[in-house]
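Subject: Structure for you to look at

Hello,

I am passing on a structure that you have not worked with before. Please open it first and then read the notes below it.

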Amino acid sequence: MVCDCIVVGCSNNNITNPDRRFFVIPVLRKNEDKRELSERRRHEWIRRINRKTINSDTVKSWQRVCSDHFILGGPAGLADFINLDWTPTVKIRYDLQCLSTTLSSDRYKQKQMRQHMKSTAQAV
Ligand SMILES: [Zn+2]
């Protein structure tokens with residue numbers, strides 16, 4: 001089975017890049033003391049992958065991130081959350097459509113904030 005990396009701009013797969021390792025998006029742990037941390041980690045992985053079509057509900061077990069996106073070639077353990085390899089951080093690009101939506105949303109919020117500040121200043 002072909003295993004493709006889902007990070008934007010990465011074309012690694014296990015056929016053409018047998019030297020790479022491929023990691024599943026972290027699953028939610030049912031154990032109560034690990035649940036919150038595993039949820040945070042999963043959310044952060046998905047945020048960094050930043051594909052418009054992938055969220056916590058739509059991510060599939062066959063979708064993988066390759067070893068190129070980790071400093072030491074693989075994810076750190078769940079409890080090691082201060083480790084930079086806790087989430088993929090290397091060669092991370094963004095889905096431009098997703099990014100432009102975010103940017104235009106940010107610009108909209110900034111414009112609203114400026115208008116609010118202006119109207120507040122005029123009222124004083
Ligand atoms: Zn990759």
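What follows is a short account of what was found in it.

Please keep in mind that this is a predicted model. The chain has 124 residues, of which 15% are buried. Its secondary structure consists of two helices and two strands, and from the N terminus these elements come in the order β-α-β-α. Of the contacts in the chain between residues at least 6 apart in sequence, 53% link residues at least 24 apart.

Ile-71 sits in the loop that runs between strand E2 (64–66) and helix H2 (96–123). Ile-71 counts as exposed because it has 12 C-beta neighbours inside 10 Å, and 12 or fewer is the cut-off for that class. Beyond its neighbours within four places in sequence, Ile-71 contacts Leu-84, Asp-85, Thr-89 and Val-90. As for Asp-85, 14 residues separate it from Ile-71 in sequence, and the C-alpha to C-alpha distance is 6.3 Å.

Lys-91 is also placed in the loop between E2 and H2. Lys-91 is not a glycine, yet its phi is positive, at about 50 degrees. It has 15 other C-beta atoms within 10 Å and is therefore partly exposed.

Asn-50 is found in the loop between helix H1 (32–49) and E2. Its phi is near 50 degrees, which is a positive value in a residue other than glycine. Asn-50 has 16 C-beta neighbours inside 10 Å, so it counts as partly exposed.

Regards

Methods. Residues numbered from 1 in each chain as written. Predicted model: local features only at pLDDT ≥ 70, side-chain atom pairs only at ≥ 80, totals over all residues. Helix = DSSP H or I, 4+ residues; strand = E, 2+ residues; numbered from the N terminus. Buried ≥ 20, exposed ≤ 12 C-beta atoms within 10 Å, placed from the backbone. Contact = placed C-beta atoms within 7 Å.
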